[in-house]
Amino acid sequence: MKLNLKELRKAARYSQQTLSNASGVSRESIARYELGLQVPTLESAVRIVSVLGCTVDDLLKDNTREETR
C-alpha cells in the first residue's frame, strides 16, 4: 500500500526527522512507510496526521492512480 505520507510531509515542509520528533514516530518507521515497506499502526498514523494537520483518510488515499471517465 502506497501512502501519501511523503507528499503530505513535504507539503508541510517537514523533514523525516522533524516529523519524527514532533510525532514520536521513529524516523526509520517514517522512511519505511514512505517507501511502502511497512504500514503504520493506527496509533502511529494518528500521531503523524495530528502533526501534519490532515486526516487518516488523506494519508491513505492513493493519488498515484488516475481516474478514468
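Which residues of α2 are buried?

**View 1. The buried residues of helix α2 in the predicted model**. Gln-16, Leu-19, Ser-20 and Ser-23 are the buried residues of α2, where buried denotes under 20% relative accessible area (1.4 Å probe, protein chains only). These residues lie on the same side of α2 because they cover an arc of only 105 degrees around the axis, the arc being that of the directions from the helix axis to the C-beta atoms. Their packing partners are α1 (5-11), α3 and α4. Helices are DSSP runs (H or I, at least four residues), numbered from the N terminus. Just after α2, Gly-24 adopts a positive phi of about 85 degrees.

**View 2. The largest nonpolar core**. This core comprises 12 residues, among them Leu-3, Leu-19, Ile-30, Tyr-33 and Leu-59; a nonpolar core is a set of buried Ala, Val, Leu, Ile, Met, Phe, Trp, Tyr and Cys residues joined through side-chain atoms within 4.5 Å. Helices α3 (27-35) and α4 (42-52) each contribute at least two residues to the core, and α4 gives the most, with four.

**View 3. The surroundings of Leu-3**. Leu-3 contacts (heavy atoms within 4.5 Å) Tyr-33, Pro-40, Leu-59 and Leu-60, not counting residues up to four places away in sequence.

**View 4. Confidence along the protein chain**. The mean pLDDT (the predictor's confidence in each residue, from 0 to 100) is 90, and 88% of residues reach 70 or more.

**Notes.** Residues are numbered from 1 along each chain as its sequence is written, and side-chain values use heavy atoms, with hydrogens and water left out. In this predicted model, local features need pLDDT of at least 70 and side-chain atom pairs count only at pLDDT 80 or more, whereas totals for chains, interfaces and linings use all residues.

Notes:
Buried means under 20% relative accessible area, exposed over 50%, partly exposed in between (1.4 Å probe, protein chains only).
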